[in-house]
Amino acid sequence: MINEQEIANIVKKQRDFFNSKTTMGYDFRIDQLKKLKAGFKRYENRFLDALKKDLGKPEFEAYSTEIGFTLHDLSGTIKKLKRWMKPKKIKTNALTQPSSSKIHYTPLGVNLIIAPFNYPVQLTFAPLIAAIAAGNTAVVKTSELTEACSNVTKDLIEEIFDPEYVAYVPGEIPETTLLLKQKFDHIFFTGSPMVGSIVMQAAAKNLTPVTLELGGKSPCIVHSDAKIDIAVNRIVFGKFMNAGQTCVAPDYIVVHKDVKETFLSKIKDRIENLYGDDPSKADYGRIVSERHLERIVSLIDQEKVLIGGDFNKADRYISPTIMQDVTLDDKVMGDEIFGPVLPVLEYNSFEDVYDIISRLPQHPLACYIFSENKKVQDELIKNIQFGGGCVNHCIQHLVNPNLPFGGVGESGIGAYHGFEGFKCFSHKKSVLKAVTWFDLKLIYPPYKNKINLLKLIMK
Ligand code: NAD
């Protein structure tokens, strides 16, 4: 186990390296990103194997949501970095004329990146790419639950980076606790709201800013005018990918009572068609650990199961499960499910939907609205608080790097992806450049009756 002194040494070396200003220039950053891309490609097959081992990810899913996602992120960042780094011209107001104003994006310094288990590649490298792009150093800690992926990540980082620039720190809770004792310039944490709170409390001691990418119960609303065939295709895709272990998976369905029976019958058919009689033999992932499997299985009320409800501990398998006639009193509605169990509730009016959401413990990280009517879509978007979401799809909002990705309330603080990720790891340094050929005497004493002129200007 790494000890406190070793961790302190890594952070000290990174601070010295950051202070050397090596990371400031475009050339250095772009070289590191290109090096990471080349290395990542070399490690692609090792990552695919590790994702299979840790989470049973089918190759297509592993590529689309982890490997391809990261490569696409790297390519976009490499392409746009020069533009992002340019100071942004900002309008100067009348009170400060004549002058010009700009925002300079400067790196935050030494960052700690803590990743969760569910997308161990994407959620480690996406923040790291943004940190590098913005000119920072980083200490990276992955989840102890995904040992195979953590080993490949360690090998890749240690092969291509000096630890004074990017360091990999292995470990479980004790090591993370030691890490959190250090003074970082920014902590980027992805994980549960419970651990997010621990991270924020530790950061507060050093006044360290945090970005928290957390979870929450994300609703999926199916209105009476929704195209049900499309809705079930996309809901099954969003829910059962990675066996439901996706932070933005629809956590539960709220379906209009007029289409509830049709919806239930079609989603059952869809699951049967996609996964067959035995989903354990289909393209379908596994639960990360026995402990998580037991937690998810304990949420299933077999009397309410419409389809699924099967599990196999040794194989860490839970079949795609739909629960019907669910109410807020059911255990499955008590907390974020984070597994392949989808409860279905019904509503009559939007007030019912708002009531359900407001009585649940956390702000949703995502929300999905299936409806053909723009008024319905707009009303739900306006009246429900959520981090981000889709109309007539699931999960796709985080595939567009031009959309900031993050939560609200207990589902997170801050956002990243694309330029927003670069900004997340940058300080926005505001600079007003004044002219010297003119000097406004009004602001200097003696003030005499200048206040009358001031009152004319500042009103
Ligand atoms: P987790 O909070 O248990 O663990 C996340 C990280 O924190 C891991 O690296 C873990 O080692 C570390 N950790 C765990 N307990 C700790 C402690 N007591 N002190 C310090 N560090 C600790 O989360 P998880 O189970 O890996 O992931 C699932 C959660 O993450 C879900 O709530 C999910 O919604 C959320 N999540 C959010 C996003 C997002 O982008 N918003 C993405 C993925 C997952």
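This is a predicted model: local features need pLDDT of at least 70, side-chain atom pairs count only at pLDDT 80 or more; totals for chains, interfaces and linings use all residues.
1. R316 is found in the loop that runs between β11 (311-312) and β12 (317-318). Although R316 is not a glycine, its phi is positive, at about 50 degrees. Most residues other than glycine have a negative phi.

2. Two cis peptide bonds are noted here. Q97 and P98 are joined by a cis peptide bond with omega of about -10 degrees; P98 belongs to the loop between β1 (88-90) and β2 (99-107). From P445 to P446 the peptide bond is also cis, with omega near 0 degrees, and P446 lies in the loop between β18 (426-434) and α15 (450-457). As a general rule, most peptide bonds are trans.

3. Which residues come nearest to the ligand? Among the 27 residues around the ligand, these are A115, E144, S192, L214 and E336. By class, the shell comprises 15 nonpolar, eight polar and four charged residues.

4. For E144, a polar side-chain atom lies 2.5 Å from a ligand oxygen. In the side chain of E336, an N or O atom is likewise 2.5 Å from an oxygen atom of the ligand. For K141, the distance from an N or O atom of the side chain to a ligand oxygen is 2.9 Å.

5. How much of the ligand does the protein bury? Taken alone, the ligand exposes 840 Å², and the protein buries 91% of that area. The ligand takes up the space of the largest pocket.

6. Why does the ligand lie between domain 1 and domain 2? Domain 1 (4-214 + 410-431) and domain 2 (219-403) both give residues to the shell around the ligand, so the ligand lies between them.

Terms used. Residues are numbered from 1 along each chain as its sequence is written. Side-chain values use heavy atoms; hydrogens and water are left out. A residue is near a molecule or strand if one of its heavy atoms lies within 4 Å of it. A polar contact is a pair of N or O atoms within 3.5 Å; within protein, one must be able to donate a hydrogen and the other to accept it, and residues adjacent in sequence count only if both atoms are side-chain atoms. Accessible areas come from the Shrake-Rupley method with a 1.4 Å probe; for residues, only the protein chains shown count as cover. On a 1 Å grid over the protein atoms alone, a cavity is a set of points where a 1.4 Å probe fits but cannot get out, and a pocket is an open set with protein on both sides within 12 Å along at least five of seven lines; lining residues have an atom within 4 Å of a point. A molecule sits in a cavity or pocket if more than half of its atoms lie within 2 Å of its grid points. Ala, Val, Leu, Ile, Met, Phe, Trp, Tyr, Cys and Pro count as nonpolar, Asp, Glu, Lys and Arg as charged, and the others, Gly among them, as polar. Domain bounds come from an automatic or database domain assignment. Helices (H or I, at least four residues) and strands (E, at least two) are DSSP runs, numbered from the N terminus.
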